[in-house]
Amino acid sequence: MSRLIFLPFDQLHRDHGALRTADPKQDLIAMVESDRMIAGRNWHPARLHFLISAARHFAAALQKEGFTVDYRKAPTIIAGLESIQSDHGQPPVTCTEPSSFRQHQLLQSHGASFVANDFFLTPRPLFEEWAATQKKYLMESFYRAQRIRLDILITDGLPTGGSWNYDKENRLPPPKKYDGPPYLEHTRDEIDDQVAEELGYIPSTTWATTRDGALSQLHNFIDNHFGEFGPLEDAMTTDNWALHHSLLSPYLNNGLLHPQEVVDAAITAFNAGEIPIESCEGFIRQLIGWREYINGMYWHLGEAYRDNNRLNATRNLLPLFTDPNKTSMNCIKQTVTDIQSRAWVHHIPRLMLLSNLALITGTNPQQFLDWMREMFIDAADWVMVPNVIGMGVYADGGQLMTKPYAAGGAYISRMSNYCKGCDYNPKLRTGETACPFTTLYWDFLDRHREQFAGNHRMRQQLFGLDRLADLPELRVRAQEVLSGLDQGGI
Ligand code: SF4
């Protein structure tokens with residue numbers, strides 16, 4: 001045996017990381033299913049099922065190729081590795097650079113040697129080079145540099161189509177009645193059923209657990225959804241939980257798909273003339289801009305970043321996050337119910353409903369981060385920490401974003417059909433039927449007025465606040481709403 005390669009459950013790609021050069025005749029593959037991973041937190045069972053079943057399928061595929069795979073259950077990853085090493089003559093461990101600080105430290109302390117992590121399009125040292133040249137780490141600057149560096153949607157040195165972004169075209173509300181293609185269903189096999197039995201959970205057919213399934217999800221998106229993705233990417237509707245979203249993030253984040261494969265499929269379809277530029281650009285921005293930027297910033301900002309709480313938000317996690325029956329807010333009830341069903345909602349409910357609510361209620365960022373980590377199928381540490389702490393609840397005081405993503409009911413009313421079926425009225429900020437988002441949006445600005453006074457991007461909002469004639473009344477209603485939310489009665 002020449003190498004013992006440890007394979008974490010989020011690096012399941014044959015052509016990347018340490019596996020890229022692995023030889024079935026010489027290398028031993030070690031995989032560990034740890035008790036800590038399964039029972040260490042209150043994980044969503046769909047997430048656990050997906051991660052474990054995908055890992056077992058991947059182990060089986062490697063065995064079919066001729067590899068010896070030692071797949072063990074153990075209390076912790078290190079305990080599992082120690083027992084595998086001890087049974088194979090104590091070889092040292094080789095591993096791709098892990099995707100979280102915690103796992104990096106654990107494996108480093110165990111003496112593992114690392115192969116560079118190429119599960120992203122931007123090597124970590126390259127991101128650091130970019131960051132060193134920036135005064136402010138703006139995603140938009142990074143994205144444009146990525147377009148040029150990777151030569152994606154660039155024509156004669158300029159953005160293809162004449163614009164770097166098509167956000168204006170990509171903000172349509174949901175159609176009156178969404179009548180899109182059916183959801184792609186993934187059938188279950190023996191491995192899926194075995195994992196389901198062990199977890200005591202019946203999985204839906206939403207998520208694939210194999211490389212083939214992940215590829216069919218990619219093709220389904222390109223063939224049936226990509227063209228209409230852009231304009232509806234921010235819309236929310238009770239008619240359809242996915243709209244034209246790709247549903248590829250779980251596979252990108254556990255390695256079953258590599259971002260380069262997804263970029264290639266998207267650009268091939270665009271070059272064939274099948275896809276409007278606004279859809280292509282919107283999707284490419286998420287892949288080579290947002291996703292790479294968030295991963296780069298996770299490592300750049302350091303491990304202590306997750307503990308930020310610059311707005312001194314101390315409220316305990318609201319009961320509605322764990323029980324949708326604890327609220328009459330239709331948007332939140334529907335969203336949390338969707339998450340309980342399939343461990344996923346798209347980026348706008350995550351940002352403009354869940355994070356917005358945590359932000360304007362002053363919910364403790366670390367409690368909210370823990371909940372987001374546990375609930376979402378694609379919630380890797382590297383993605384959730386900057387997304388929640390920086391983008392979602394502004395707990396870093398503006399290291400990532402130039403202003404907080406706070407919004408009242410008007411935005412939600414415009415971008416969804418939730419308000420039609422709600423007890424509250426998005427236009428009202430005071431009174432018993434006032435939308436809690438609208439009341440708390442103004443109250444949030446009022447509470448943090450001094451903190452935001454120096455931020456020129458908040459000037460317009462603070463100007464609006466100064467013009468509210470009913471501010472005293474609104475403050476009283478905000479206290480009622482906050483205590484009602486704490487008790488699960490709003
Ligand atoms: Fe949500 Fe307010 Fe609309 Fe109700 S009225 S669905 S709480 S935004």
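1. A salt bridge is a side-chain nitrogen of Lys or Arg within 4 Å of a carboxyl oxygen of Asp or Glu. Arg449 forms such a bridge with Asp466, their closest N and O atoms being 2.4 Å apart. Arg449 counts as partly exposed at 27% relative accessibility, whereas Asp466 is exposed at 52% (buried is under 20% relative accessible area, exposed over 50%, partly exposed in between, with a 1.4 Å probe and protein chains only).

2. This is a predicted model, in which local features need pLDDT of at least 70 and side-chain atom pairs count only at pLDDT 80 or more, while totals for chains, interfaces and linings use all residues. Residues are numbered from 1 along each chain as its sequence is written, and side-chain values use heavy atoms, with hydrogens and water left out.

3. The structure holds 29 salt bridges, among them one between the side chains of Asp370 and Arg41 (3.5 Å, N to O). Asp370 lies in helix α15 and Arg41 in the loop between α1 and α2, so the pair ties together parts that are 329 residues apart in sequence; helices (H or I, at least four residues) and strands (E, at least two) are DSSP runs, numbered from the N terminus.

4. Five strands form an open sheet in the order β3-β2-β1-β4-β5, with parallel pairing (two strands pair if DSSP finds at least two bridges between them). Strands β3 and β5 stand at the edges, each with a single partner strand, so one side of each is left without a neighbour in the sheet.
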